[in-house]
Amino acid sequence: MCGIVGYIGTQKAEPILINGLLRLEYRGYDSAGIATIENNGIKNIKNKGRVNDLLSVKGIENLKGTIGIGHTRWATHGKPSSENSHPHLDNSNTFAVVHNGIIENYAELRKDLESKGYHFLSETDTEVIPNLIHYFYNKSNLQGELKFLSAVNETCKMLKGSFALEIISSDYPDSMIVVRKDSPLVIGTSPTEHYISSDIPAILSFTKDFYLLNDLEFAYLSRNSIKFYDSALQEISKTATSIEWSAAAAEKDGFEDFMLKEIYEQPKSIRETIGSHIIKDGKCIIDGLDLSKEYLQTINKIFIVACGTAMHAGLACKTVLEQICEISTEVDIASEFRYRNPLINKNTLCIFISQSGETADTIAALKLAREKGAKTIAISNVIGSSISREADYTIYTHAGPEIAVASTKAYTAQIMLLDILALYLAETLEINLDKVEIIKKELLEIPSKVEECLALAPEVKEFANKVYKEKDIFFLGRGLDYSSSLEASLKLKEISYIHSDAYAAGELKHGPIALIENGITVIGILTVPHLVEKTVSNLQEVITRGAKTLIVTNQDLGDKKFDKVIRIPEASEYVSPILSIIPMQLFAYYISKEKGLDVDKPRNLAKSVTVE
Ligand code: M6R
C-alpha cells in the first residue's frame, strides 16, 4: 500500500520521480506528490487523484532540483485530499518525508508534539515523522551528517508500526536518508546517482544493481556515495545484488493492459518456475530448500497460510500434498490463522505464500509459526522481500514482475511450485515414487497446455460480452474445481465490480440455490473426473430454475444443454487448476474491459497489502 520513489543524482529529479510513481501507482492511487530540493529550499507539490493529475499542478514545471522524493497513496489515515497527500513537511519546512506503512502510535506522538507547540495540517499518521525529526534535530549537539542521521534514528525509535521512509532536508541539500521497518524499500545504484523505490520494477530501467535494507538499517545517500548504518548508527557494509529481470518485463510490451500481458506470459512464467527448480538428474531439486528425510518423517501436519489469490493457490495444492506426501494439510487465511492460536509445534511444517512477500498478515502469521517452533517455508515472487527475511527457507516462483493488481501469473506459478514441492517432499520421504514420476511428466506438459487455453480467448470473450451487464455471477465446482471457482470469482469481482460468489456445488441445496432466478449466470468448473456427474446434476438444477450456464471442462459432457462449453486440455486433477483458471482470468478481464473499467488498478485495491 502506497508507493515511494526517490532520486539523488545529477539529472532533474522531477521526471524521474513521476516516471517511478506511474510504475508504482498499482500500490495506491488516490493521491500523489513529490518534493525536490530547490535553490530556495524544499518545494512540495501534491494533489488528490492520480499521478497524471499531479502534472497539472501549478509550479511542477519549474522544479529543477536533482534530489527529490515522491509518493503515491492508498489512504489509511484521512481521506484522499491535497493536505493528506505526501510528502509531509515539519513546521519549519526543513524536512520533507514520504512514508509507506502505518504508525500505530501516531495519536499519542501527535498529542505530545502539540504540547510542545507543533501544529498539524493533515489527518495522517505520517505528519508526526518530519516534526519528530525536527524536534530531535533541534535538541542535538551533534554536527554534520551525524546530526541529521541521529535525528532520524531517534525518531524511528519512537515509532510503533511499519515504515519505509525517505527524508530530505533543506539543511542538507546534497543528501537523503532512507530507512525501513516491515515495509519494502530498495536502493538502485550507479556511480553518480541513486534511485529509491518500493519495488524493483519501478526503477529497473535505470539500474540493475540494488541494495536491500534490513529492518532499521539506514542509508545515507549522497550523489556519489552511500553509507549504511545499523540502528546503533555504526557504519556497516553491504553488497549490491544484481537483478536479472529485464526492464521490458516491467513494461506493457504492446499489450493494452498489464493484466492481459501477464495472463499471456503464463506459459513462460510456468516454464521458468519449472526450470529453476525441478528435475535435475531426474530428481526434484528446489533451489533454496534442503530438508532431510529424518526431519520430514517427524512432520504430521502441513499448514499453508496466505491471503487472497495466494491462499487459493494453497487450496489448489492441498490434495496433491495430502495424497502424494501422505501428510494432513490445512490451508488457512493468514488474518484468521494469526489470531486463532493454531495448534503448531516442531512437528508442523508451515508454508507461507505471498507474491509480493510484503503482505502484513502473512508475515505476522509466519512469525507466529516460528515462535511456536515450526519450520517455515516462504514462497514469494520477489527476491529480497520482507517475508524472505523471516522464513527458515524462501523458495521463489519465477513469474517475473507482476504489476496488475489482479494476480494471474503469480497464481499459476505458485501452484506449479507447490506441486514441485509436493514431489520433492515425496521423493525425499521415498514414498509414492510411481505417482511422483507420472505427475513430473504432467507438469512438464503444462506450459504448452496453458498455450492451448490461451487460444480459447475469442470464445471466452464472446461469452463475456453477452453477460457483462449482469449484477451477479455464480461459480460452482467440487473438490479442486471448488478452489478454482473461488479464485475465478475473486478475479471477477475485483476487476469487474460484479457481485460474485463461489460455492461447493454440493452446498447449493443448503441455501445458495435460493438466489437462482431466471436469466442469472452460473459458471461451472468440471475437471475432477469422479465428481463431474455430480456437478452436472447440480448445474441441471440451476438450469431448471432459468440460469444461463458457462462450463469450463476437460471432460466429455455428451449432449447436455449448457449455453456455452469451453473445452480445456486434459490433465490429472492435481494439475488441472492451472489450466481451468486461464479462461476464467480471461473472462474477468474481458468483462472489465467491456465495462470500460481500469483493469490494472481496480477501485479500493492495492497490489501489496502491507497493513492488516
Ligand atoms: O502479495 P500477496 O500474494 O501476499 O497478496 C495476497 C493478496 O492480497 C492478493 O493475492 C490479492 O488477493 C490479489 N489482488 C488477487 O488478485
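This is a predicted model: local features need pLDDT of at least 70, side-chain atom pairs count only at pLDDT 80 or more; totals for chains, interfaces and linings use all residues.
Residues are numbered from 1 along each chain as its sequence is written, and side-chain values use heavy atoms, with hydrogens and water left out.

**Exercise 1.** Find how Tyr135 and Phe136 are arranged, and decide whether each is buried or partly exposed.

Solution. 
- Step 1: Rings of Phe, Tyr and Trp (its six-membered ring) pair if their centres lie within 6.5 Å; planes under 30 degrees apart are stacked, over 60 edge-to-face, and the rest tilted.
- Step 2: The whole structure holds 15 aromatic pairs. In one of them, Tyr135 and Phe136 have centres 5.3 Å apart and planes at 70°, so the pair is edge-to-face.
- Step 3: Buried means under 20% relative accessible area, exposed over 50%, partly exposed in between (1.4 Å probe, protein chains only). Tyr135 is partly exposed because its relative accessibility is 21%, whereas Phe136, at 13%, is buried.

**Exercise 2.** Which ring does the charged end of Lys301 sit over?

Solution. 
- Step 1: A charge sits over a ring if NZ of Lys or CZ of Arg is within 6 Å of the ring centre and within 35 degrees of the ring normal.
- Step 2: The ring belongs to Phe303, with its centre 5.3 Å away.

**Exercise 3.** Is Val565 buried or partly exposed?

Solution. 
- Step 1: Val565 has 36% relative accessibility, so it is partly exposed.
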